[in-house]
Amino acid sequence: MSEHPEKPFLYLVVCAAGIASDIGELITAAQERNWEVGVIATPQGLGFIDATAVEAQTGRPIRSAWRAPGDPRPFPPPDAVAVAPATFNTVNKWAAGISDTLALGTLCEAYGLGVPIAVLPCVSKALAAHPAYRASVDRLGAMGVRFGTPYSGEVPQDGGSPEFRWERVLDLLTPRT
């Protein structure tokens, strides 16, 4: 595996939200836009995705835990990072600089490296109303993190099914050159 793939490399951080089971849609959209993709799941997020299908689709292992000293890096450096779906917990911990999982450590480090980051929140209206969440979104936005419209997962008034438009996170990104 080359450290410098010909295509830009996208780290896709996946959190524990029900919609995460459809992450293959975002991987397909990213690959159609010429991205190589590596998935980093939060520890709880692993339970929401089909790891075998994701690994087959990306051709790479899903990362969720720190690698041991001396182990090779399974992904090249990122040209951009997408967080989708992003949960209340992840957004708040990230904004506070908490790095207690590989996913959070990757997000904290990406900022320091100047890597473009885009987020599609998946947060209920009740949680989005919490002042800590609003402050976290503001803080991350001030750091240059780009946010898409939040997805609450709540059923619309017409009774239809709520739509999570995965490709919106890609629209927010331009790879680092």
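**Cysteines and pockets**

Mentor: A disulfide is a covalent bond between the sulfur atoms of two cysteines. Here the sulfur of Cys122 lies 9.4 Å from the closest cysteine sulfur, in Cys15, which is too far for a bond, since a disulfide is a pair of cysteine sulfur atoms within 2.5 Å. By this rule the count is zero disulfides. The model is predicted, so local features need pLDDT of at least 70 and side-chain atom pairs pLDDT 80 or more, whereas totals for chains, interfaces and linings use all residues. Residues are numbered from 1 along each chain as its sequence is written, and side-chain values use heavy atoms, without hydrogens and water.

Trainee: Is Cys15 buried or exposed?

Mentor: Buried means under 20% relative accessible area, exposed over 50%, and partly exposed in between, with a 1.4 Å probe and protein chains only. Cys15, at 0% relative accessibility, counts as buried, and Cys122, at 17%, counts as buried too.

Trainee: Which residues line the second largest pocket?

Mentor: A pocket is an open set of points on a 1 Å grid over the protein atoms alone, where a 1.4 Å probe fits, with protein on both sides within 12 Å along at least five of seven lines; lining residues have an atom within 4 Å of a point. The lining of the second largest pocket comprises Cys15, Ala16, Thr42, Pro43, Gln44, Thr87, Asn89, Thr90, Lys93, Thr101 and Leu104.

Trainee: Which residues are closest to the centre of the largest pocket?

Mentor: Of its 18 lining residues, Tyr11, Arg63, Arg73, Thr106 and Glu109 are the closest to the centre of the largest pocket.
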